[in-house]
Amino acid sequence: MKKLLLIAVLALGFALAANAQGFRIGGRVGSGFQAQAEYCYNGANYLEGRLGMGWYHAGVLTADFTLLHNWNVGTMDWTPAAGQWFFDAGFGVTAGGRSNIVTLGVAGCAKLGIEFNDAPVRLSLDWTPAFGPAIAYVGQNSAAAFNEYGLANLGLSAVFCF
């Protein structure tokens with residue numbers, strides 16, 4: 001099953017790369033570290049996917065998968081010689097976990113950044129709070145609580161625009 005999923009993800013990646021217009025790929029660091037891909041469509045709308053590691057709480061890393069739909073809320077000409085500043089907002093879902101821990105949630109996104117004129121790069125600072133439970137389980141026992149660490153999801157991202 002894992003091999004089939006890997007093949008499907010690679011096939012999707014190659015298909016998107018073949019039609020690279022409006023596709024961005026990069027990374028995000030902050031409250032964890034993730035590979036990040038964005039697919040732009042219909043002007044200012046884009047889908048954003050992140051896959052990597054995130055902090056469950058101090059010292060504990062978990063797998064992290066986030067899928068967001070973002071809109072461009074506004075653009076600002078603060079530094080017209082350098083590039084176009086933007087503010088994006090969106091929402092989506094997040095899931096993660098490791099042995100004996102599962103996190104799920106609805107995620108929001110607020111992103112402030114710059115798209116440079118002379119380089120095909122977008123840099124941004126984002127806050128992606130996740131609202132949902134963290135579930136810990138051992139054998140037949142489990143406990144769930146609100147995942148307050150999901151609210152502290154800040155990051156810096158850099159994506160290369162194709």
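Visitor: Which strand gives the most to the lining of the largest cavity, and with how many residues?

Guide: Strand S11 gives the most to that lining, with 3 residues, where a strand is a DSSP run of E with at least two residues and a helix a run of H or I with at least four, both numbered from the N terminus. You are looking at a predicted model, in which local features need pLDDT of at least 70 and side-chain atom pairs count only at pLDDT 80 or more, while totals for chains, interfaces and linings use all residues. Residues are numbered from 1 along each chain as its sequence is written, and side-chain values use heavy atoms, with hydrogens and water left out.

Visitor: What makes a space a cavity, and what makes it a pocket?

Guide: On a 1 Å grid over the protein atoms alone, a cavity is a set of points where a 1.4 Å probe fits but cannot get out, whereas a pocket is an open set with protein on both sides within 12 Å along at least five of seven lines. By this rule the count comes to 1 cavity of 30 Å³ or more, and the largest cavity has a volume of about 40 Å³, a volume being the space filled by probe spheres set on points that are joined across faces, edges and corners.

Visitor: Which residues line the largest cavity?

Guide: Its lining, made of residues with an atom within 4 Å of a point, consists of Gln36, Glu38, Lys111, Arg122, Ser124, Ser157, Ala158 and Val159. By class the lining divides into 2 nonpolar, 3 polar and 3 charged residues, with Ala, Val, Leu, Ile, Met, Phe, Trp, Tyr, Cys and Pro counted as nonpolar, Asp, Glu, Lys and Arg as charged, and the others, Gly among them, as polar.

Visitor: What is the volume of the second largest pocket?

Guide: The second largest pocket has a volume of about 310 Å³, and of the 24 residues that line this pocket, the closest to its centre are Trp55, Asn147, Tyr149, Gly150 and Asn153. S4 gives the most to this lining, with 4 residues, and by class the lining has 10 nonpolar, 13 polar and 1 charged residues.

Visitor: How do you know that S4 and S5 are joined?

Guide: Two strands pair if DSSP finds at least two bridges between them, and 13 bridges join S4 to S5, which run antiparallel; therefore these strands meet the rule for a pair. One of the bridges links Asp64 to its partner Gly96 in S5, and a hairpin joins S4 to S5 through 6 residues.

Visitor: Why does Arg28 count as buried?

Guide: Buried means under 20% relative accessible area, exposed means over 50%, and partly exposed lies in between, with a 1.4 Å probe and protein chains only. Arg28 counts as buried because its relative accessibility is 1%, which is under 20%. Arg28 is found in strand S1 (residues 23-30), and among the residues that Arg28 touches, beyond those up to four places away in sequence, are Phe33, Asp126 and Ser157, a contact being heavy atoms within 4.5 Å.

Visitor: What joins the side chains of Arg28 and Asp126?

Guide: A polar contact of 3.0 Å joins them, and the term asks for a pair of N or O atoms within 3.5 Å, where, within protein, one must be able to donate a hydrogen and the other to accept it, and residues adjacent in sequence count only if both atoms are side-chain atoms. Tyr41 and His69 are also joined through their side chains by a polar contact, of 2.3 Å.

Visitor: Why is Phe33 called partly exposed?

Guide: Phe33 has a relative accessible area of 44%, which again lies in between, so Phe33 is partly exposed. Phe33 is found in strand S2, and although Phe33 and Ser157 are 124 residues apart in sequence, they are 9.6 Å apart in space, C-alpha to C-alpha.

Visitor: What is the phi of Asn100?

Guide: Phi of Asn100 is near 70°, a positive value in a residue other than glycine. Asn100 is found in the loop between S5 and S6, and with a relative accessible area of 37% Asn100 is partly exposed.
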